[in-house]
Number of protein chains: 2
Amino acid sequence: MSYELHYWPGIPGRGEFVRLALEAAGAPYIDVARESVTRGRGLPAMMQLLQDRQARHPPLAPPFLKDGDFVIAQTSAILQYLAPTLKLVGRNEQSRSWTLQIQLTIADMVSEAHDTHHPVGVGLHYEEQLPEALRRATGFCRERLPKYLHWFEHIVAHNPAGPRHLVAGKLSYADLSLFQLIEGLRYAFPRATAQVLAGTPHIVALHERVSELPRVAAYLASPRRLGFNEQGIFRRYPELDIV
Amino acid sequence: MSYELHYWPGIPGRGEFVRLALEAAGAPYIDVARESVTRGRGLPAMMQLLQDRQARHPPLAPPFLKDGDFVIAQTSAILQYLAPTLKLVGRNEQSRSWTLQIQLTIADMVSEAHDTHHPVGVGLHYEEQLPEALRRATGFCRERLPKYLHWFEHIVAHNPAGPRHLVAGKLSYADLSLFQLIEGLRYAFPRATAQVLAGTPHIVALHERVSELPRVAAYLASPRRLGFNEQGIFRRYPELDIV
């Protein structure tokens with residue numbers, strides 16, 4: 001049976017972290033909200049689940065995943081749930097927890113990248129909070145970006161199994177998520193990101209290797225892969241790319 | 001052997017979610033940064049671990065937990081790691097994932113509560129971002145606070161095992177965390193929170209029950225329990241308590 005992935009169509013957003021794991025594992029899935037409404041799918045199908053007043057495990061927000069009758073939301077919880085079946089995490093508890101820790105750190109950085117263009121509130125437009133966005137982006141590009149990326153570099157460089165992966169000697173969902181994080185940062189903050197990545201060769205090489213995995217490469221070249229745009233989390237506003 | 005909990009002394013912050021789980025389970029632990037420097041503990045011991053350039057699993061930030069040689073950070077990952085041993089989560093994968101999903105939603109709300117007083121950047125003081133804080137707090141109190149609390153109310157009310165717990169018929173770390181979230185919201189936004197809680201009787205009752213658990217009640221009455229203050233995540237700035 002196919003998994004059902006539910007996420008906003010039109011942006012990669014947080015859904016892309018789940019999509020990448022499913023694609024890299026070759027798992028069958030239906031990208032519900034991007035399918036045709038005439039087949040009973042599309043955005044209305046997602047909204048119906050989101051607004052189901054009788055649901056036992058209602059998602060507060062997309063992305064969420066349906067696995068038979070089981071519904072699970074929150075990107076990191078979805079990945080933690082899927083990973084053993086998709087063979088994208090080690091078997092023991094410590095390995096699973098360490099992978100989750102890395103994923104949650106990636107999620108924190110994603111949220112901070114989002115907040116550069118929406119510091120005052122998600123209910124307001126970017127144009128209504130431009131001076132605040134500039135102040136927030138300054139701190140993000142000058143302090144947070146180097147702090148996070150050097151941390152990822154450190155753990156790859158200190159991996160006892162070698163620097164090919166974040167955790168042990170095997171691909172995990174954290175590698176896929178780090179790939180996507182770097183993609184987003186390069187899109188949104190090309191100059192600031194390039195400056196930091198010049199000093200973090202291990203994660204640059206890891207990003208490159210992930211993009212060359214056969215299933216990932218095929219996915220990236222397919223129409224299933226969505227590009228970044230100015231409706232999503234990572235937005236290219238040149239004034240926020242502060243070096 | 002005792003667990004070692006490492007977190008900033010003087011604020012409950014995110015460390016309190018881990019501390020509550022350890023206390024509720026009666027697990028032995030050392031609250032490292034709050035102990036005496038003369039015994040080789042205290043803040044310097046925490047900073048030494050944070051700044052260890054050779055660490056395999058360095059934490060990016062507190063809280064982090066040491067279990068023998070294993071170091072784990074990120075509040076939700078720590079709880080996910082500890083919970084089976086502390087018997088604060090169900091045994092099957094779906095139950096663990098659903099509990100994690102709730103915890104991550106609590107963590108999102110904690111971050112949003114923090115951002116009301118620091119919308120523009122954590123590197124700046126509250127007084128440097130007061131107009132932005134007022135705008136952000138308006139959205140938080142009027143939209144986010146009801147949205148989140150009604151979601152928790154829904155899942156307690158729709159728990160097939162009854163409304164005594166968030167997950168199944170047994171105390172989980174999510175119940176403890178929801179207790180702490182409500183404590184923080186009542187401290188920081190007393191009027192806005194009271195208004196919403198008037199319509200969410202199940203989570204009010206759950207909060208009350210958690211506070212009366214014998215180990216939790218003993219902990220709350222002890223000097224180990226830290227009060228909220230204006231250095232932490234939940235701060236009482238009356239101008240941000242918008243109804």
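**How the chain is described**

Analyst: In chain A, residues 24 or more positions apart account for 70% of the contacts with a separation of 6 or more. Please keep in mind that this is a predicted model.

User: What makes the size of chain A agree with that of a compact globule?

Analyst: The comparison sets one radius against another: with 243 residues, a compact globule would have a radius of gyration near 18 Å, and chain A has 18 Å, so the two agree. The C-alpha atoms of chain A fill a box of roughly 50 × 50 × 30 Å, taken along the principal axes, and 58% of the 243 residues count as buried.

User: What is the pattern of helices and strands along chain A?

Analyst: Chain A has nine helices and four strands, and read along the sequence they follow the pattern β-α-β-α-β-β-α-α-α-α-α-α-α.

User: How do you know which kind of axis relates chain A to chain B?

Analyst: A rotation of 180°, with 0.0 Å of shift along its axis, superposes chain A on chain B with an RMSD of 0.0 Å. That is the relation of a two-fold axis. The same surface serves both copies, since 100% of the contact residues of chain A recur in chain B. Of the residues of chain A, Pro119(A) comes closest to the rotation axis, with its C-alpha at 2.7 Å.

**Buried and partly exposed residues**

User: Why is Ser172(A) called buried?

Analyst: The word is used for a relative accessible area under 20%. Ser172(A) has a relative accessible area of 2%, and therefore it is buried. Ser172(A) is found in the loop between helix 5 (130–157) and helix 6 (173–188) of chain A, where, not counting residues up to four places away in sequence, it touches Leu88(A), Thr99(A) and Val167(A).

User: Why is Pro163(A) called partly exposed?

Analyst: Partly exposed is the class between buried, under 20%, and exposed, over 50%. Pro163(A) has a relative accessible area of 36%, so it is partly exposed. Pro163(A) also has its place in the loop between helix 5 and helix 6 of chain A, and, leaving aside neighbours within four places in sequence, Pro163(A) is in contact with Val156(A), His202(A) and Arg209(A).

User: How do you know whether Thr193(A) is buried or exposed?

Analyst: At 1% relative accessibility, Thr193(A) counts as buried, because the cut-off for that word is under 20%. Thr193(A) has its place in helix 7 (residues 190–197) of chain A, and its contacts, apart from neighbours within four places in sequence, are Leu145(A), Leu185(A) and Arg186(A).

User: What about Val196(A): why does it count as buried?

Analyst: The same cut-off of under 20% applies, and at 10% relative accessibility Val196(A) therefore counts as buried. Val196(A) lies in helix 7 of chain A and, not counting residues up to four places away in sequence, touches Leu145(A), Pro146(A), Leu149(A) and His150(A). The C-alpha atoms of Val196(A) and Val243(A), which are 47 residues apart along the chain, are separated by 9.9 Å.

User: What is the phi of Gln74(B), and why is the residue called buried?

Analyst: Gln74(B) has a positive phi of about 75° although it is not a glycine. With a relative accessible area of 18%, Gln74(B) falls under the 20% cut-off and is therefore buried. The place of Gln74(B) is in the loop between strand 4 (70–73) and helix 3 (75–86) of chain B.

User: Which peptide bond of chain A is called cis, and how do you know?

Analyst: The peptide bond from Pro62(A) to Pro63(A) is cis, with omega near 0°. Pro63(A) is found in the loop between helix 2 (42–50) and strand 3 (64–67) of chain A.

Definitions and conventions:
Residues numbered from 1 in each chain as written. Chains lettered and ligands numbered in written order. Predicted model: local features only at pLDDT ≥ 70, side-chain atom pairs only at ≥ 80, totals over all residues. Heavy atoms only, no water. Helix = DSSP H or I, 4+ residues; strand = E, 2+ residues; numbered from the N terminus. Rg over C-alpha atoms; globule rule 2.2 N^0.38 Å. Buried < 20%, exposed > 50% of the residue type's maximum accessible area, 1.4 Å probe, protein only. Contact = heavy atoms within 4.5 Å. Least-squares fit on C-alpha atoms with pLDDT ≥ 70 in both.
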